[in-house]
Amino acid sequence: MKVLYRPFFIICMILFALHQLLQWGLKIHLPLADAYLYNLLVMPIVLHLWLAERRWLFRSGNRYELSIEQIIAATVYILLITEWLFPLLTSRFTGDLWDIAFTVAGAAIFYWASRRNESANQPMQD
C-alpha cells in the first residue's frame with residue numbers, strides 16, 4: 001500500500017478535499033477550479049487506487065506499475081461514463097471537450113509521475 005503514500009497521490013487528495021471544503025463548506029467558488037479541477041484529479045486518484053488494489057489483491061509487488069495500455073483503457077472508460085453516458089441519462093451533466101482535455105492531462109501526469117517513481121526505484125547500473 002506504499003502507493004497511497006506517494007506525494008503525488010497525497011497532493012491530489014488534499015486538493016480534492018480542500019476544494020470540497022471551499023466549495024461546499026465555506027461557499028467560496030473558484031470558477032476555473034469548480035469547472036475543471038475534478039477532471040484533472042480524477043485519473044490520478046482513480047489510477048493510484050487501482051494500482052494499490054492490483055498490488056494488494058493480486059500480490060503484484062511494490063514494483064508493479066500500470067501499463068500505458070491500462071492507463072489509456074481506464075481513461076477511455078471514465079470518459080465514456082462521464083462525458084457520454086451521464087449526459088445521456090440526465091441534463092445535470094454535460095459533455096465538454098475541456099473536460100476531456102483535463103481528464104486526459106490528469107492521466108498523462110499520472111503516467112509521467114509513475115514512470116519517474118519507477119525509475120527512482122531502479123538500481124543504478126554502471
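## The loop between H1 and H2

Lys27 sits in the loop that joins helix H1 (7–25) to H2. Helices here are DSSP runs of H or I with at least four residues, strands are runs of E with at least two, and both are numbered from the N terminus. The model is predicted, so local features need pLDDT of at least 70 and side-chain atom pairs count only at pLDDT 80 or more, while totals for chains, interfaces and linings use all residues. Residues are numbered from 1 along each chain as its sequence is written, and side-chain values use heavy atoms, with hydrogens and water left out.

Lys27 is not a glycine, yet it has a positive phi of about 60°. Lys27 counts as exposed because its relative accessibility is 56%. The cut-offs are these: buried means under 20% relative accessible area, exposed means over 50%, and partly exposed lies in between (1.4 Å probe, protein chains only).

His29 is found in the loop between H1 and H2. Its relative accessible area is 49%, so His29 is partly exposed. Setting aside neighbours within four places in sequence, His29 is in contact (heavy atoms within 4.5 Å) with Gln23 and Asp34. The side chains of His29 and Asp34 make a polar contact at 3.3 Å. A polar contact is a pair of N or O atoms within 3.5 Å; within protein, one must be able to donate a hydrogen and the other to accept it, and residues adjacent in sequence count only if both atoms are side-chain atoms. His29 and Gly95 are 66 residues apart in sequence and 21 Å apart in space, C-alpha to C-alpha.

## The overall fold

The protein has four helices and zero strands. Read along the sequence, the pattern is α-α-α-α. The C-alpha trace spans about 55 × 30 × 30 Å along its principal axes.

Of the 126 residues, 28% are buried. Contacts with a separation of 6 or more were also counted, and residues 24 or more positions apart account for 66% of them.

Thr75 lies in helix H3 (residues 68–89). Is Thr75 buried or exposed? Thr75 counts as buried because its relative accessibility is 6%. Its side chain reaches the backbone oxygen of Ile71 at 2.7 Å. Beyond its neighbours within four places in sequence, Thr75 is in contact with Met43, Thr103, Val104 and Ala107.

Gln70 also has its place in helix H3. A polar atom of the Gln70 side chain lies 2.8 Å from the backbone nitrogen of Ser67. Leaving aside neighbours within four places in sequence, Gln70 is in contact with Trp50, Tyr64 and Glu65. Leu88 is found in helix H3 too. Leu88 has a relative accessible area of 56%, so it is exposed. Leu88 and Arg116 are 28 residues apart in sequence, and their C-alpha atoms are 38 Å apart in space.

## The nonpolar cores

Which residues make up the largest nonpolar core? There are eleven in all: Val3, Met43, Leu47, Leu51, Ala52, Leu66, Ile71, Ala74, Ile78, Ala107 and Phe110. Helix H2 (31–57), H3 and helix H4 (97–121) each give two or more residues to this core. H2 gives the largest share, four residues. A nonpolar core is a set of buried Ala, Val, Leu, Ile, Met, Phe, Trp, Tyr and Cys residues joined through side-chain atoms within 4.5 Å.

A second, separate core has five residues, including Phe9, Cys12, Leu41 and Ile45.

## The largest pocket

The largest pocket has a volume of about 440 Å³. A pocket is found on a 1 Å grid over the protein atoms alone, as an open set of points where a 1.4 Å probe fits, with protein on both sides within 12 Å along at least five of seven lines; lining residues have an atom within 4 Å of a point. Grid points are joined across faces, edges and corners, and the volume is the space filled by probe spheres set on the points.

The pocket is lined by 19 residues. Tyr38, Asn39, Thr82, Glu83 and Asp99 lie nearest its centre. H2, H3 and H4 each give two or more residues to the lining. H2 gives the largest share, eight residues. By class, the lining has ten nonpolar, four polar and five charged residues. Here Ala, Val, Leu, Ile, Met, Phe, Trp, Tyr, Cys and Pro count as nonpolar, Asp, Glu, Lys and Arg as charged, and the others, Gly among them, as polar.
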